[in-house]
Amino acid sequence: MRQKINNKSALLPLILSGQALVRETSKGLLGGLKTGLLRDYGTAASLQKLSDDGLMAVKNYREGTFAEIEKINAKVAREKAWVRDFACYCCPLACKKSGVIKEGPYKTIVHDGPEYETGTIFGANLMISDFNGMMKAIYDGDDLGMDIISAGNVIGFLMEAYEKDLITKSNLDGLDLTWGNADAVIKMIHKIAYREGVGDLAAQGVKAVSKKIGQGSKAFAIHVKGMELAAYNIYANPPRALCYAVANRGACHLSGDNIENQNLMAALDSLGFCFFASDFNARIMPGVSKSLMAELLTAITGLDWDSDRFLEAGERVFTLEKMFNFREGFRREDDRLPDRFFAEPFTTGGEKGALLDREEFTTMMDEYYTERRWDPETTRPSDEKLEMLGLGFTV
Ligand code: SF4
């Protein structure tokens, strides 16, 4: 239903001040990082940085640094493909890039990749350093309407199972699914999309494929609650690990890596507000503050919003999602990370030797539930918390 704006004369100056703020702070986005500005390189700016820092998903999350990242990073994309920058309506950040493949068998493909997630999952995670092959995989994945994060995960899992001889070429319909083989990956993407042969099983995701293969493959089936991890590796990043473990829809990277950010993300999503333009990660990406968002909301709705109330609305959303999961039978054992992250340290790169400590991680999770006033054993929010948030009807 279309709502009337409550206070139009107050709204315009607020929007202009928000735009000015984002424009101003965008000059400092990712400032000081080698890979340059979000505006110049989009999220692909993080490809080089996170690989250097050992925080990237590489070889089915086995490593955090990709030795050949310089062949697929944002500078290569700018040089080989990108033609122009573009933006959502009126956004001064203009994080989107559009380009064309100029040579080789995929010449003339027009596309807006790679972004950080797509370049990592179809690049580093599969050890693909052929830029044009990676772009073709991203293009086909998008064109076929796939979730590229899940698709790249399931293909990475099959590559590892093949490498470990848990499956053979005949299980893969004759595909030689070795690390870095872009042609085989492109064929597998099509098999998944059309549910052909092994693609029919692969289309069901890592959890289902691992269950079918068995033989201990669960340890490197990279998912939480059946949803595949995003492209940020967690051996050296316990807050992100916690975020993946407790996020309501599975291993989601857009759910916040602490309680306040989880609540903030839920509120931002409810508004349809792009989190790049917010102060979600104020340390490296300053942006529109919670108080300015609350002022905008007040001008639009006529209700009295402030930043505390804004965060509380996010907490209400996050907790309601949690109660939905709880009703459906999800408990603490479902907030579980794959064993790989506690057992096989990185062998190379910026965080060589990094590993999550199971005991420390368990303590961190206990503290998280307690701070949220959820039962650490069952993860159920307390009645008191539910009542406080106006969710008494779920008790
Ligand atoms: S609104 Fe967000 S996604 Fe769109 S151009 Fe701006 S920063 Fe990028």
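How far apart are the mean positions of the 48 positive and 56 negative charges of the chain? They are 4 Å apart, counting Lys and Arg as positive and Asp and Glu as negative, with His and the chain ends not counted. Each charge is placed at NZ of Lys, CZ of Arg, CG of Asp or CD of Glu.

Before you start clicking, note that this is a predicted model, in which local features need pLDDT of at least 70 and side-chain atom pairs count only at pLDDT 80 or more, while totals for chains, interfaces and linings use all residues. Residues are numbered from 1 along each chain as its sequence is written, and side-chain values use heavy atoms, leaving out hydrogens and water.

**The whole chain**

Start with everything in view. The C-alpha atoms fill a box of roughly 65 × 50 × 40 Å along the principal axes.

Colour by secondary structure next, and look for 17 helices and five strands. These are DSSP runs numbered from the N terminus: helices are H or I with at least four residues, strands are E with at least two.

The chain exposes about 18300 Å², with carbon and sulfur atoms supplying 51% of it; areas come from the Shrake-Rupley method with a 1.4 Å probe, and for residues only the protein chains shown count as cover. Buried residues make up 50% of the chain, where buried means under 20% relative accessible area, exposed over 50%, and partly exposed in between.

**The open sheet**

Select 82-86, 96-100 and 110-111, which are β1, β2 and β3. Together they form an open sheet in the order β1-β2-β3, with antiparallel pairing; two strands pair if DSSP finds at least two bridges between them. β1 and β3 are the edge strands, each pairing on one side only.

Four bridges join β1 to β2, and you can pick out Phe 86 with its partner Lys 96. Two bridges join β2 to β3, including the one between Gly 99 and His 111.

Step along to the loop between β3 and α5 (116-121), where you will find Pro 114. A cis peptide bond joins Gly 113 to Pro 114, with omega about -10°. Most peptide bonds are trans.

**Two buried stops**

Select Lys 191 in helix α8 (residues 182-194). Lys 191 is buried, at 14% relative accessible area. Leaving aside neighbours within four places in sequence, its contacts (heavy atoms within 4.5 Å) are Asp 173, Leu 175, Glu 196, Val 198 and Gly 199.

Then move to Phe 318 in helix α14 (residues 307-327). Phe 318 is buried too, at 2%. Beyond neighbours within four places in sequence, its contacts include Val 246, Gln 262, Tyr 368 and Trp 374.

Gln 215 is exposed, at 54%.

Finish at Arg 373, in the loop between α16 (358-372) and α17 (383-388). Its phi is near 60°, also positive, and Arg 373 is partly exposed, at 34%.

Notes:
Buried means under 20% relative accessible area, exposed over 50%, partly exposed in between (1.4 Å probe, protein chains only).
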